[in-house]
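Trainee: I have just been handed a new model and would like to go through it with you. May we look at it together?
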Number of protein chains: 2
Amino acid sequence: MSDTSQHWKVMDKEKLLERKPWFDVYRESLELPGGKIVKDYYGITMPNYTAVFAVTQDQKIIILRCYRHAIGEVTLTMPGGMIEEGESPMEGIQREFLEETGYVAKYWKSLGMFAGNSTRGCGTYNLFFATGAYPVKEPDSGDLEELELLLWTPEEVNYAIDEGLVKSLGVISMLLLGLRWLK
Amino acid sequence: MSDTSQHWKVMDKEKLLERKPWFDVYRESLELPGGKIVKDYYGITMPNYTAVFAVTQDQKIIILRCYRHAIGEVTLTMPGGMIEEGESPMEGIQREFLEETGYVAKYWKSLGMFAGNSTRGCGTYNLFFATGAYPVKEPDSGDLEELELLLWTPEEVNYAIDEGLVKSLGVISMLLLGLRWLK
């Protein structure tokens, strides 16, 4: 399906900065279709992230609220995190979901994988939908942030979206895709 | 509304890499609520981006298709780009929309601003909805990529989403928010 005649050819690639496991920054020299050379094209490698729109047995949606440093305020977020070495995206999200919420869920479905930024990279986001969620233990995320667990109706999620309470691309994507599947 | 007791305090900030206008990478030392010190927290400053879900006078949605290097294939994208120095987000998107599509639109509405990544930053995305779009000239984006303009029905947009043809957080957010407003 993809038209490879439009692909850019990597002539050279150099790592500029490495901060594992958080990110790498690299520079590429590229040859474009038609022969044009671009000497300094920058990419940022970031982790594979996961998130889930999980619905409890009584039809509530599991949302988290915590401080997010790049936003500078306490805001809405979704259960999820970085995939660890050797994990599949599904294993990663099920581990993070249990750690952050203390819940498990009966039915899981992948809603796809999305690049953080289509020109620089900035990681991939593996988004999931889960139903039949119920609590099995106390949450213990190990994260730097203190997480507050919210159980919202679809109407409350729609209200938060309409009122501009959603502050990041990852969360708005997850909520809108989740609502689409809930219907 | 925001609970400032959970905010992290920046003790020190150092720039590690600067590649204007594309991005900066910086390291912060932080004091967390309760007194914990985190010495190496990394952030990535990226541009303010814009995108628009624009609907033509005959109810078609304007989509672009082009090669995206971080995805490595020809894929769907939305009109938009980086806001230039001195521009408001609305001025930026109207300029990019005209450059990339050759269209103008009668009615414009902001659908909000979203961080690329809520822990590292990675830019902000100012998303817009526009209606009454009509062509006034040939497109001339000045971009490295060759842009193909598509005029799709809402059904075609829904099909692309369901078939996994959308490959980035920015595009899936823009399409789902746009479809929400179209109703």
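Mentor: Let us begin with one pairing: Thr50(A) has Asn126(A), in strand 10 of chain A, as its bridge partner. Please bear in mind that this is a predicted model.

Trainee: In which sense do strand 4 and strand 10 of chain A pair, and over how many bridges?

Mentor: The two strands run in the parallel sense, and eight bridges join them. Strand 10 covers residues 121-135.

Trainee: And what about strand 7 of chain A; in which sense does strand 4 pair with it?

Mentor: That pairing is antiparallel, with three bridges, and strand 7 spans residues 80-82. Within strand 7, Met82(A) stands opposite Tyr49(A).

Trainee: Why is strand 4 of chain A described as largely enclosed?

Mentor: Strand 4 comprises residues 48-56, and seven of its nine residues are buried, so the rest of the structure largely encloses it.

Trainee: Changing topic, how many residues does each chain bring to the contact?

Mentor: Chain A brings 47 residues and chain B brings 47 residues.

Trainee: Which element of chain B gives the most to the side that touches chain A?

Mentor: That is helix 3 of chain B, with six residues. By class, this side of chain B has 24 nonpolar, 16 polar and seven charged residues.

Trainee: Lastly, what confidence values does the predictor give?

Mentor: For the complex, the ipTM is 0.95 and the pTM is 0.95. Chain A has a mean pLDDT of 95, and 98% of its residues reach 70 or more.

Definitions and conventions:
Residues numbered from 1 in each chain as written. Chains lettered and ligands numbered in written order. Predicted model: local features only at pLDDT ≥ 70, side-chain atom pairs only at ≥ 80, totals over all residues. Buried ≥ 20, exposed ≤ 12 C-beta atoms within 10 Å, placed from the backbone. Helix = DSSP H or I, 4+ residues; strand = E, 2+ residues; numbered from the N terminus. Pairing = 2+ DSSP bridges. pLDDT = per-residue confidence, 0-100. Contact = placed C-beta atoms within 7 Å. Nonpolar A, V, L, I, M, F, W, Y, C, P; charged D, E, K, R; others polar.
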